[in-house]
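These are my notebook entries on one protein model. I record below what I looked up, beginning with a loop residue.

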Amino acid sequence: MDTKELLKKVRKIEIKTRRLSDHIFGGEYHSTFKGRGMTFSEVRQYQFGDDVRSIDWNVTARYNEPFVKVFEEERELTMMLMVDVSGSELFGTSNQFKKEIITEISATLAFSALQNNDKVGLILFSDEVELFIPPKKGKSHVLRIIRELLEFTPKSSKTNIAEALKFLTNVMKKKAIVFVLSDFIADDYQNTLRIVGNKHDVTGIRVFDEREESIPNLGMVQMQDAETGEYQLVNTQSKRVRYAYGQYYKDKVAYYTDSFTKSGCGVINCRTDESYVRKLLGYFKRRA
């Protein structure tokens, strides 16, 4: 992708997702994800209706009239986007690949954080951490994240979610809002997720295509594993084959739901032909 084409794509995503974050998600994001607590702001004279528990007795004694402490929410937060860039994300049978939907969701979330003056960071992972962009504020930083989401070419096509979660715990010492975006066709990450969920506010966003849920009867078909690159001749006429695949897929989805729920983390499921706007908004409102 040349620079001109890349900038054009970045601009297109910016226009679409920034409008969403400005008009729809800004307020929802703010009310859903609270700051780290309340910090002291100032003292002022007591007014009728103030909570007597907030009276500052030292200042009151000095001036011989009641004064109260005023606190405000310590708003600044850090958002980490953890994005799966393995081979299986380059799949889609409707208008867009899973990767494209993941990019749009990530951009929408990043602009929502930007609107609230929060920091945003990015981890791109396959079966290893491919790229880490430390959290920062500012529009130029968010645009850099979008550029990487559009342009980055991973070294590996495989997936290891646990490895990415371990990396997160090493680099993020303070509590962060974490969104893990993947199709979650993976195993063995529940224990690591439980540790991460105890420290951070984690939400899994599963992006999937309807054609992944079951295999249609198409006769003998040569299929390629997107993560290993291996080809295999599959008899899709066989009910046993179709059932086995359907069960395999259901097991992966159940493991994802079970892992995130038991770890106290949020869960969003978004099919490529569905509105991710509605899914995100519904999730934010439920949490708020």
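Entry 1: I located N117 in the loop that joins α3 (98–115) to β4 (119–125). I take helices (H or I, at least four residues) and strands (E, at least two) as DSSP runs, numbered from the N terminus. The model is predicted, so I note that local features need pLDDT of at least 70, side-chain atom pairs count only at pLDDT 80 or more, and totals for chains, interfaces and linings use all residues. Residues are numbered from 1 along each chain as its sequence is written, and side-chain values use heavy atoms, with hydrogens and water left out.

The phi of N117 is near 60°, a positive value in a residue other than glycine. Most residues other than glycine have a negative phi. N117 is partly exposed, at a relative accessible area of 46%. For these classes, buried means under 20% relative accessible area, exposed over 50%, and partly exposed in between (1.4 Å probe, protein chains only).

**Entry 2: a second such residue.** I then looked up F184, whose phi is near 55°, again positive in a residue other than glycine. F184 sits in the loop between β6 (177–182) and α6 (190–199). Is F184 buried or exposed? With 1% relative accessibility, F184 counts as buried.

**Entry 3: the whole protein.** I recorded eight helices and 10 strands. Of the 288 residues, 45% are buried. The accessible surface is about 15,600 Å², and 49% of this surface belongs to carbon and sulfur atoms; the areas come from the Shrake-Rupley method with a 1.4 Å probe, and for residues only the protein chains shown count as cover. I counted a contact where heavy atoms lie within 4.5 Å. Among contacts with a separation of 6 or more, 75% are between residues 24 or more positions apart.

**Entry 4: the nonpolar cores.** By nonpolar core I mean a set of buried Ala, Val, Leu, Ile, Met, Phe, Trp, Tyr and Cys residues joined through side-chain atoms within 4.5 Å. The largest core has 41 residues, and L81, V83, I105, L109, I146, F179 and I205 touch the most other members. Helix α3 gives the largest share of this core, nine residues. A second, separate core holds 22 residues, including I161, L168, V202 and Y256.

I followed two of these core residues. I146 touches V10, I13, A107 and F111, residues up to four places away in sequence not being counted. I205 is in strand β7 (residues 201–208) and is buried at 1% relative accessibility. Beyond four places in sequence, the contacts of I205 include I105, L109, F179, F184 and Y256. S182 is also in contact with I205; the C-alpha atoms of the two, 23 residues apart along the chain, are separated by 6.5 Å.

Entry 5: I13 is in helix α1 and is buried, with a relative accessible area of 12%. Neighbours within four places aside, I13 is in contact with R18, T103, A107, I146 and L150.

Entry 6: I used a 1 Å grid over the protein atoms alone: a pocket is an open set of points where a 1.4 Å probe fits, with protein on both sides within 12 Å along at least five of seven lines, and lining residues have an atom within 4 Å of a point. The volume of the second largest pocket is about 590 Å³. Which of its 26 lining residues are the closest to the centre? They are K99, E100, T103, L149 and L150.

α1 (3–32), β3 (78–84), α3 and α4 (139–151) each supply at least two lining residues, and α3 gives the most, five. The lining divides into 11 nonpolar, seven polar and eight charged residues. Here Ala, Val, Leu, Ile, Met, Phe, Trp, Tyr, Cys and Pro count as nonpolar, Asp, Glu, Lys and Arg as charged, and the others, Gly among them, as polar.

**Entry 7: a further loop.** E65 lies in the loop between α2 (57–63) and β2 (67–74) and is partly exposed at 34% relative accessibility.

Terms used. Points joined across faces, edges and corners; volume = space filled by probe spheres on them.
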